[in-house]
Amino acid sequence: MRANYKRLGTYIREVVEKNSRNQIEKLLGVSIQKCFIPSIANTIGTDMTTYKIVRENQFAYGPVTSRNGDKISVALLQECDCTVSTSYTVFEIINHNELLPEYLMMWFRRPEFDRYARFMSHGSVREIFGWEEMCNVELPIPSLDKQKEIVVEYNTIVNRIKLNEQLNQKLEETAQALYKHWFVDFEFPISKEYAAEIGKPELEGRPYKSSGSKMVWNDELNQEIPEGWGQMALSEIVNTQYGFTASAEQECVGPKFLRITDIAKDYIEWDGVPHCRISSAELSKYLLKDGDVVVARTGATVGYAKRLNKNFPKSIFASYLVRLTPKVNIYHDFIGITVTSNQFKEYIQKVAGGSGQPQASATLMTEYKLVVPQKNSLIKFNQILNPLLNMSENYQLEITQLLQLKSFLHSKMTKSEATA
């Protein structure tokens, strides 16, 4: 055993408390993102009295590691008590004056712990990281004050990341509301030039459609659009590309590897996204760039999309994603907002076919017909949108820097100063 490292089994004990009186209804599971999540199991007719209770500050983990993408599902409960299925092992720290639950959970979040757990797993049919293996984990356990200091630093970083992600989500919602106002409801502000042209200068700045401005029927779109506007297929203004075919590898130090499960989230949890081995030649081909939009093309998440900016971590995209890249710079932001809109997602989900699950090819995606405003309207929309996008990029830059600090703090746990 390395100096200053202690055997975890000395500090933890297994807990087997059954829900014998059905006193707890909340059933949770544990994800590979190392948090408790609502269970999707069908419990109709299930005897819930056999399920295990997890109390606040107790841990639960799934011993089976062979189907977890090289990650072990383990989490610390920091909410009210819940139940979990009997497939989970529940344990607790014996003495919180010797080892803090939050400090131990930090150790479990390290990629090195996942690699260790996979390496130590065993079994012919299913590979298991059993209770004995968990107890044999070795880790540095510094003084309680040092543990508290590290946990406070870590939580400060995590909370700031969450705040920035929430702010970015609000900015995205604002951008989507603006897009809908202009290009779905056609309530963009009437320009000074148009108001003068129709002889009603008092209408300047008023919403276009509700102010009685002229609308014309468009056969291709099967709807009315503002006079002077047109329509085109998405294929006319974007290039498409399918993603890279490879397996995600948590231990690899290559670029982030975005998959359809990452795209479907409100925001991408970059610290939980796995990496991928890729040659330098292939990297240049699949590396995502500022303004790229990636769209899920299969499964339950078909049509979900994300727009990437210059401050996102270095990333490539998986084969079940399609990259859309603007051909013309003026459509750069317009395309990003269009493809990430609910209107585009609903269109893709409606037309996606497939015998087993929904499928949407790049060709099908780019058959999407979109309303194209006059150039001056598009320029004004971009001018309004750009400050929102710039704020989002700044928040993302801070998130990227905070993730680096978070990784540094994880590595700091193994250093001699952490065990002082």
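Rings of Phe, Tyr and Trp (its six-membered ring) form an aromatic pair if their centres lie within 6.5 Å; planes under 30 degrees apart are stacked, those over 60 edge-to-face and the rest tilted. With that in hand, look at Y179, W182, F183, F186, F188, Y194, Y208, W229, Y331, F334 and F381, which form one aromatic cluster.

Before going on, a word on what you are viewing: this is a predicted model, where local features need pLDDT of at least 70, side-chain atom pairs count only at pLDDT 80 or more, and totals for chains, interfaces and linings use all residues. Residues are numbered from 1 along each chain as its sequence is written, and side-chain values use heavy atoms, leaving out hydrogens and water. The mean pLDDT (the predictor's confidence in each residue, from 0 to 100) is 89.

Back to the rings: the structure holds 27 aromatic pairs. One of them joins Y61 and F129 edge-to-face, with 6.4 Å centre to centre and 70 degrees between the planes. Both Y61 and F129 are buried, meaning under 20% relative accessible area, against over 50% for exposed and in between for partly exposed (1.4 Å probe, protein chains only).

Rings also meet charges here, where NZ of Lys or CZ of Arg lies within 6 Å of the ring centre and within 35 degrees of the ring normal. R110 lies over the face of W107, 4.2 Å from the ring centre, and the charged end of K345 sits over the ring of Y304, at 4.4 Å from its centre.
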